[in-house]
Amino acid sequence: AIPPLAVLPPILRGQPRPRSPKVGGTSVLWNIRHRMSGQAAGAGHDTSRPVEVEKKFMLADGAEERVAAVLPFQVCNLCFNPFDSNKLWTLQGETTITDEYLDTADYRLTTNDYWLRVRDGQVELKEPIAVEAGASASMDRYVELSDPAAILSSLSHFFPELRGAAPSELRAALSAQGCEAYCRIVSVRRKYGGEKGRIAVDLDIISEPSHMNYNIGEVEMMVEDEGSVASAEEAIDAFLTEHSLATKQVALGKVLTVIKESNAEHFAALRESLGAKYPKLERV
């Protein structure tokens, strides 16, 4: 089990933190963050559609205890915002998340890398962004939508009938198009950090489906627009490498793992449609 919230590392007990690795007099992640701030300012993209960039890693063989113990200490040190000296990263707490994922019987959304879910009663959509050739296949990059009108607009090219639907009737409109739940996942999440432009770390311990012995971590950044995605990926990889969290074991993510274990036809369809984009689907 993950240590209780009261078990805090030295940095949260007032002890000094060590310096992060230096390159040219400044830390590796400071350099990446500084470059990202310049990219975001000049990118010219719609800042109302921030992009979530994330990479998953496995929590196995007691890794969750080690990660939970060290992360507040390391995150405060490595992801400190040099432009805002009043803010240090802290452990935000523990929550239980209930997700129901929706799709049509022919897997119209998931095979196009659209992930529609109801999280704790609220409809959300993860919409993929275009990536350049040669981009890391181990990263996930999505625009996350929770506004009903934005979700209807995004999904209208799959379902033209949604163009006239009222946002207040989102659930009914989706059901009318055949979007039904294909899996339910309940997980306990411990979250560290999370402000826009900074690395956040989520540790998820799955409690349902009860037979799943599959715990996973995510290192993520929320950036202003697509122009900052590449530097976010660099920062995430640097963080994972520095803390020995990157492994050769394939980390599929919760929903893909449930699909793989419960619906061979659905998983085969995902392999066929998304295998070139996500080679990890071919390696499990």
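A residue is called buried when its relative accessible area is under 20%, exposed when that area is over 50%, and partly exposed in between (1.4 Å probe, protein chains only). The structure is a predicted model, in which local features need pLDDT of at least 70 and side-chain atom pairs count only at pLDDT 80 or more, whereas totals for chains, interfaces and linings use all residues. Residues are numbered from 1 along each chain as its sequence is written, and side-chain values use heavy atoms, with hydrogens and water left out.

Aromatic pairs were identified between rings of Phe, Tyr and Trp (its six-membered ring) with centres within 6.5 Å, planes under 30 degrees apart counting as stacked, over 60 as edge-to-face and the rest as tilted; this rule gives three pairs. In one of them, the ring centres of tyrosine 101 and tyrosine 182 lie 6.4 Å apart with their planes at 45°, so the pair is tilted. Tyrosine 182 is partly exposed, at a relative accessible area of 24%, while tyrosine 101, at 6%, is buried. Phenylalanine 158 and phenylalanine 159 also form a tilted pair, with 6.3 Å from centre to centre and 50° between the planes.

Leucine 155 is in contact (heavy atoms within 4.5 Å) with Leu109, Tyr114, Leu116, Leu125, Leu162 and Leu174, when its neighbours within four places in sequence are left aside.
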